Every structure is written in structure tokens, then in C-alpha cells.
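Please look through the structure shown here before reading on. The questions that follow take up a few of its features in turn.

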Amino acid sequence: MWKELEEIGIHPLTTASAVDEAMANKSGTVMIVVNSICGCAAGNARPGVAVALQNKVIPDRLYTVFAGVDRDATAKAREYIVGMPSSSPSIALFHDGELVYMLHRKQIEMMDIDSVAHNLVEAFDKYCSTPGPSVPVDVMARAFNMLMG
């Protein structure tokens with residue numbers, strides 16, 4: 001499940017120090033996906049993120065931590081997600097070091113892939129300026145076994 005995200009340009013952070021290092025640069029936009037093995041929500045979160053990263057603008061830096069696997073990294077990432085309850089899966093967007101957008105598990109559970117993507121694209125359009133996509137559409141489709149028409 002982490003490999004899918006890595007294949008679309010999202011870098012895994014597996015230690016607390018790696019999270020601190022990634023978050024040290026406060027300029028621009030950072031997305032952190034708190035990955036999860038929960039099939040009900042994560043099964044739509046990961047491909048929703050992949051579709052959103054086909055947008056014309058995307059975050060400057062893309063990271064993931066894996067809840068239940070990389071516990072220290074996940075705990076450290078959650079320290080940066082100030083004022084929000086722990087949630088996995090979840091997707092946090094930071095702009096210039098400040099949390100500006102959060103998609104929680106409870107929200108994701110009520111969404112399909114397109115809804116997750118749509119919500120993220122709205123946030124990307126508002127806060128991001130790095131040209132997308134993160135990877136060509138065929139790479140994204142192959143990573144998630146999607147049929148693209």
C-alpha cells in the first residue's frame with residue numbers, strides 16, 4: 001500500500017527525524033498522507049490522492065507516513081497536524097508551515113475516489129502553484145490498476 005503512493009511521487013517518511021527534516025522547510029506547500037491499512041477508507045483515499053495529483057497544480061513536496069507500521073514517524077507527523085484529532089487515513093496540506101487543509105477519515109469514509117480527488121483538487125487550486133501532474137497518467141493508472149479512458 002505504501003508502494004502505490006511512492007510510485008506516484010509521494011515520498012515515504014519512516015522515522016520521526018525524517019518527518020522533522022521534511023517539515024523543516026516552511027516555504028511552499030507540503031502534503032502528508034497518513035496511510036492506513038483500513039480498507040473502507042484507505043481504499044478510496046490512496047487512489048483519490050493519485051487522481052488529484054493529476055491536477056494542473058499540486059503541492060511542492062509530497063510525503064506519506066504509514067499508521068500502524070511506522071509508528072514514530074506517524075506520531076511525529078501528527079504533531080505537525082496541530083489542533084486536529086488523530087485520523088488514519090487522512091490527508092493534510094500545509095502552506096508555508098501552517099496547516100491549511102485536512103481531510104479526515106470520517107470524511108473519506110463517505111466519499112468515493114472521485115470525491116476524494118475533487119476535494120483535494122479544490123485545496124490544491126487554492127494553495128498550490130507547482131505544475132502537475134506528479135507522474136504521467138499511465139504511471140498513475142498502472143500503480144493503482146486503473147483503467148483510464
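Q: What covers the buried residues of H2?

A: In this predicted model, helix H2 spans residues 16-24, and Val19, Ala22 and Met23 are its buried residues. Seen down the axis of H2, these buried residues fall within an arc of 90 degrees, so they line one face of the helix. The cover over the buried residues of H2 includes S2, strand S4 (61-66), H4 and S5.

Q: Which exposed residues does the face of H2 turned away from its buried side carry?

A: The buried residues of H2 line one face of the helix, because they fall within an arc of 90 degrees when seen down its axis. On the face that is turned away from this buried side, the exposed residues are Ser17, Glu21 and Ala24.

Q: Is Thr74 buried or exposed?

A: Thr74 is found in helix H4, which runs over residues 71-80, and, leaving aside its neighbours within four places in sequence, it is in contact with Val34, Val65, Phe66 and Ala67. Its relative accessible area is 3%, and because buried means under 20%, Thr74 counts as buried.

Q: Which residues have the most contacts inside the largest nonpolar core?

A: The largest nonpolar core has 30 residues, and the elements that give two or more residues to this core include strand S2 (29-35), helix H3 (39-52) and helix H6 (113-127). Apart from it lies another core, of 16 residues, among them Val19, Val30, Ala73 and Ala92. Inside the largest core, the residues with the most contacts are Ile8, Ile10, Met31, Leu53, Ile91, Leu120 and Phe124.

Q: How many residues apart are Arg46 and Glu4?

A: The side chains of Arg46 and Glu4 meet in a salt bridge, at 2.9 Å from N to O. With Arg46 in helix H3 and Glu4 in helix H1, the pair links distant parts of the chain, and the two lie 42 residues apart.

Q: Which residues are linked with Asp20 in a network of salt bridges?

A: Lys76 forms a salt bridge with Asp20, in which the closest N and O atoms are 3.7 Å apart. Since Lys76 lies in helix H4 and Asp20 in helix H2, the pair ties together parts that are 56 residues apart in sequence. At 19% relative accessibility Lys76 counts as buried, whereas Asp20, at 30%, counts as partly exposed. The residues linked with Asp20 in the network are Lys76 and Glu79.

How values were computed: Residues numbered from 1 in each chain as written. Predicted model: local features only at pLDDT ≥ 70, side-chain atom pairs only at ≥ 80, totals over all residues. Heavy atoms only, no water. Core = buried A, V, L, I, M, F, W, Y, C linked by side-chain atoms within 4.5 Å. Buried < 20%, exposed > 50% of the residue type's maximum accessible area, 1.4 Å probe, protein only. Helix = DSSP H or I, 4+ residues; strand = E, 2+ residues; numbered from the N terminus. Contact = heavy atoms within 4.5 Å. Arc of directions from axis to C-beta. Salt bridge = Lys/Arg side-chain N within 4 Å of Asp/Glu carboxyl O.
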